[in-house]
Amino acid sequence: PGGGGMVYAGYAPNRFAQSLTGQERALRAADSAALEVVGTLCRNAALAPGEAKFRRVRLGNKKIQATLGGADGAGVAAMEALGWTRSEQEGEAFLVLPEGAKLTMEEVRAVEAAKDAVKREEARRLPAARKVGGAALRQQLEADRRERAAQEPVTRASKSQWEGGNGGIVSAKDVGIGCSAGN
C-alpha cells in the first residue's frame, strides 16, 4: 500500500527492529528504579541548568548507591551515556555534568522512553516468575491451612454457644438482682 515503509503481510514495520544507539543500550541496561532516579536527576539539570546542585551527584549517597548500583552500576553507566562524568572532589566520588554540557528535554524523554521499555520487559517477565514462585506460594498456603486446622478445636470452644432458654437473654431477675427478699 502507498506510504513510507514496507509492509509485510499487512503488518506495519517494527520500529524496534532498528538497532539501538549506545545511549539507548546503556539506558535499557538499568532497571526501572535506577531509571526513575536518572530521570529525576536529568530533569532537574535540564530545567535548572545554572543550578550547581543539580549538576553534581555524590556517588557515596546511600540512595544513589542503592538505586544506581554504586560506581560500577548500570544506573551510573546510563548517566555517563547522557554526558555525566566521574569526578573526585573533596575526597569523594561524584558524577558531574561538565561546564558547557547541557541536558535538554530530549535526553529526559529518552530516559522516560527507556523506563517505559524496561517496565514493559519487566512486566513481560513477571508472569513467568509468578509461575515459578506459584508452587512455593501454594505450598505455603497449604502449610498455613494445616496449621489453622490444627488450632480449630481450641478456637471453636471459645466461640459463644447457644444455651437455649429465654432466647439467650438473661434478665436481672434471673441472676437475683432487683428482687426483694420477700418474693
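Visitor: Why is Gly39 called buried?

Guide: Gly39 has 0% relative accessibility. Buried means under 20% relative accessible area, exposed over 50%, and partly exposed in between, with a 1.4 Å probe and protein chains only. Gly39 therefore counts as buried. Gly39 is found in helix 2. In space, Gly39 and Glu112 are 6.8 Å apart, C-alpha to C-alpha, while 73 residues separate them in sequence.

Visitor: What kind of model is this, and how are atoms and residues treated?

Guide: The model is predicted: local features need pLDDT of at least 70, side-chain atom pairs count only at pLDDT 80 or more, and totals for chains, interfaces and linings use all residues. Residues are numbered from 1 along each chain as its sequence is written, and side-chain values use heavy atoms, with hydrogens and water left out.

Visitor: What makes a stretch a helix or a strand?

Guide: Both are DSSP runs, numbered from the N terminus: helices are H or I with at least four residues, strands are E with at least two. On that basis the chain has 5 helices and 3 strands. Their order from the N terminus is α-α-β-α-α-β-β-α.

Visitor: Why is Ser32 called buried?

Guide: Ser32 has 16% relative accessibility. The limit is under 20%. So Ser32 counts as buried. Ser32 belongs to helix 2, residues 32-47. A contact means heavy atoms within 4.5 Å. Leaving out residues up to four places away in sequence, Ser32 touches Lys115, Val118, Lys119 and Glu122.

Visitor: What makes a pair of residues a salt bridge?

Guide: A side-chain nitrogen of Lys or Arg must lie within 4 Å of a carboxyl oxygen of Asp or Glu. The whole structure holds 7 salt bridges.

Visitor: How do you know that Arg56 and Glu90 form one?

Guide: Their N to O distance is 3.8 Å, and the limit is within 4 Å, so the pair qualifies. Arg56 lies in strand 1 and Glu90 in the loop between strand 2 and strand 3, 34 residues apart. Arg56 is partly exposed at 35% relative accessibility. Glu90 is exposed at 67%.

Visitor: What are the values for Arg86 and Glu80?

Guide: Their side chains meet in a salt bridge at 2.5 Å, N to O. Arg86 has a relative accessible area of 42%, so it is partly exposed. Glu80 is partly exposed too, at 30% relative accessibility.

Visitor: Which residue does Glu121 bridge to?

Guide: Glu121 forms a salt bridge with Arg124, with closest N and O atoms 2.4 Å apart. Both lie in helix 5, 3 residues apart, about one turn of the helix. Glu121 is partly exposed at 29%, while Arg124 is exposed at 56%.

Visitor: Why are strand 1 and strand 2 called edges of the sheet?

Guide: The 3 strands form an open antiparallel sheet in the order 1-3-2. Strand 1 (56-58) and strand 2 (85-89) each have a single partner strand, so one side of each is left without a neighbour in the sheet.

Visitor: How do you know that strand 1 and strand 3 pair?

Guide: Two strands pair if DSSP finds at least two bridges between them. Strand 1 and strand 3 (residues 92-96) have 3 bridges, in the antiparallel sense. Within strand 3, Val96 is the bridge partner of Arg56.

Visitor: What makes a set of residues a nonpolar core?

Guide: The members are buried Ala, Val, Leu, Ile, Met, Phe, Trp, Tyr and Cys residues, joined through side-chain atoms within 4.5 Å. The largest such core has 26 residues, and Leu68, Met79 and Trp84 have the most contacts inside it. Helix 2 gives the largest share of this core, 8 residues. Across the chain of 183 residues, 22% count as buried.
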